[in-house]
Amino acid sequence: MSKFNQAIYEIQNLDTISKEDKWVNHIHPLIKLFLTVYYIGLVVSFQKYDLEGLCGMCIYPIFVFIIGELSWKEAIYRLRIVLPLVCIVGILNPFFDTNSIAEIGGIAISGGVVSMVTLMIKGIFCILAGYLLIATTSIEEICYGLRKIHIPKIMVTQILLIYRYIFLLLWETKRITQAYALRAPGQKGIHIKAWGPLVGQLLLRSMDRAQEVYESMCIRGFQGEFFIRKRNEKVKGEFIYFIAFLIILLICRIYPIFEVIGGFFL
Amino acid sequence: MHMADALIVPAVAGTMYAASALAAGVSVRKVKMENDSKKIPVMGVMGAFVFATQMINFTIPGTGSSGHLCGGMMLSAILGPYAGFLTMIGVLLVQCLFFADGGLLALGCNVWNMAFYGCFVGALLIWKPMMKQKVTKGKIIAASMIGCILTLQMGAFSVCLETLASGVSELPFVVFLATMQPIHLAIGAVEGLITSAVLVFIHEARPELLWGVGEKESEGRFSLKKTIGILAVVAAGIGGILSLFASAFPDGLEWSMEKVAGTAELEATGGIYDLVASIQEKTAFLPDYALKSSDSAAGTSISGIVGAAIVVLLCVGLAYLFKFFQKGKTKEA
């Protein structure tokens, strides 16, 4: 699949699953947005050697994945962009931090190895949390949530507009690059001589399109403000879900929950 | 150059969010002052344009590899720094949500590293002064190249600083810097070449689309915003640089306690004290104003900047809270 098709597929797929009729999809977007930021904040606040405590934070993604009936495969596929960067930063830790801090089966584990694994798990949890938000909340709902917390209208409006026009411009860019590739077979990328005219033409066309968009919007009564539909839906149990996760995640942050529960049985 | 959530700690994320929010607030105000309703759809379409062109591979002559566009400098050269900055925030948010490129917590860092420098430093300090008088092809190429290289270098440096302040990597700062800066020098040069090629084309085809071309700099007086800006820089300077020279001797209260109790820090033990101490130990991101597991001067310096940001945020928050209650009282009356 080409890069353009892949991008279009990913956005369309997320858009479809975020609008599915499931309990978690109907929860107020602000609750999901706040919980996601809260969860990521707690995850990254773990100390570099606190691997045991960090593992306890897996309960949130597991729970939401199950109730949201989401695909793990799609979520893991998203790790491909950020995880390499996290690995590059963490991979050198074992070389610089060689102090032994644990022993498993007679093998000494250095602090660097533990901090590297902790960093990678943090990366995975954060990406999963972001995926859970966007897979259960449409962009319109996120923008509604952003307006609720008084993010300026101008910013929210242009996020919505960018989202609307991404499909259109991705298709157009794909057509242009495809046409170029057919005229320059075997060439990797766009030749330097064509950089200006190719992207410049696309830019001019985009500007003209923006002018047409503006005129159409004016005809429909646009006066510089973009109204977002008010949300009247109230979901049963969403407030309990919110409070419960606030408390559970805080407990997991303070106490190594796995160790505590394991202690009851050993 | 997208920072990931895992590479930063909440204190750094919060500080960068505050800095980016300040720049966004100023930009929103400036765009509103222009009172041009046409600009909003243009910003949306241009954001989608940048998003789409980021996917094009540009062949780098003589290397066999290809480069990509980031778009901050190009957006500013067309929309101006304020509208360009807001558009870049939209692009970064969509990238973060739909492609996991960056992270929600790291969004403040990414906006600062990739949008702030490109839009404000690139457009206001490089593009605009160079385009004030007669615009030539050479000037556009020079402004694009200098702008892209400089702003990417600044962005890469910020990534190193944010990672250092977060203390997630054992990699020495100098080594990290020595890796990041040269890579981004090459990336900046490619970005500069692409940007200049496009802007030269636009200049030849539709020169009126370029921002700041032929504009005379207005003789602005020493405004409130400038004063606040200078004060913010001075505060960061005092917090960051002067904290390096902060006295290690006890302050007045500690000195008095030492005289009275024989110790500068009173210790208490027992159930509730231990519980609170353990919570504090886990949540304190800057114990004794230094980064955790860091005794370095950089740690002290960053603590100063973070501390300054937190105090300012608290003050603003309290002021709003006060205003809110005052409003309520007036309504009741």
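Biologist: At what angle do the axes of helix α3 and helix α8 of chain A cross?

Modeller: A word on the model before the angle. It is predicted: local features need pLDDT of at least 70, side-chain atom pairs count only at pLDDT 80 or more, and totals for chains, interfaces and linings use all residues. Residues are numbered from 1 along each chain as its sequence is written, while chains are lettered from A and ligands numbered from 1 in the order in which they are written. Now the angle. The axes of α3 (residues 29-44) and α8 (residues 111-136) of chain A cross at roughly 180 degrees and come within 10 Å.

Biologist: Why is α3(A) called roughly antiparallel to α8(A)?

Modeller: Angles over 145 degrees count as roughly antiparallel, under 35 as roughly parallel, 65 to 115 as roughly perpendicular and the rest as oblique. The crossing is at roughly 180 degrees, so α3(A) is roughly antiparallel to α8(A). Axes here are lines fitted to C-alpha atoms, for helices over the stretch in contact, and angles run from 0 to 180 degrees between N-to-C directions.

Biologist: Which residues of α3(A) and α8(A) meet?

Modeller: Among them are L33(A), Y39(A) and I40(A) in α3(A), and F125(A), A129(A) and L133(A) in α8(A). Contact requires C-beta atoms, placed from the backbone, within 7 Å.

Biologist: How do you know that the span of α10(A) agrees with its number of residues?

Modeller: Helix α10 (residues 153-183) has 31 residues. The expected span is 1.5 Å times one less than the number of residues.

Biologist: Where does α10(A) bend?

Modeller: At I166(A), by about 35 degrees. The bend is the angle between axes fitted to the seven residues ending there and the seven starting there.

Biologist: What is the phi of E69(A)?

Modeller: Near 50 degrees, a positive value. Most residues other than glycine have a negative phi. H150(A) also has a positive phi, about 65 degrees, and is not a glycine. H150(A) sits in the loop between α9 (139-148) and α10 of chain A. With 7 other C-beta atoms within 10 Å, H150(A) is exposed.

Biologist: Is G188(B) buried or exposed, and why?

Modeller: Buried, because 25 other C-beta atoms lie within 10 Å. G188(B) is found in α7(B). Leaving out residues up to four places away in sequence, G188(B) touches C148(B), I149(B), L152(B) and Q153(B).

Biologist: How many helices and strands does chain B have?

Modeller: Eleven helices and two strands. Both are DSSP runs numbered from the N terminus: helices are H or I, at least four residues, and strands are E, at least two. Of the 333 residues of chain B, 43% count as buried.

Methods:
Buried ≥ 20, exposed ≤ 12 C-beta atoms within 10 Å, placed from the backbone. Contact = placed C-beta atoms within 7 Å.
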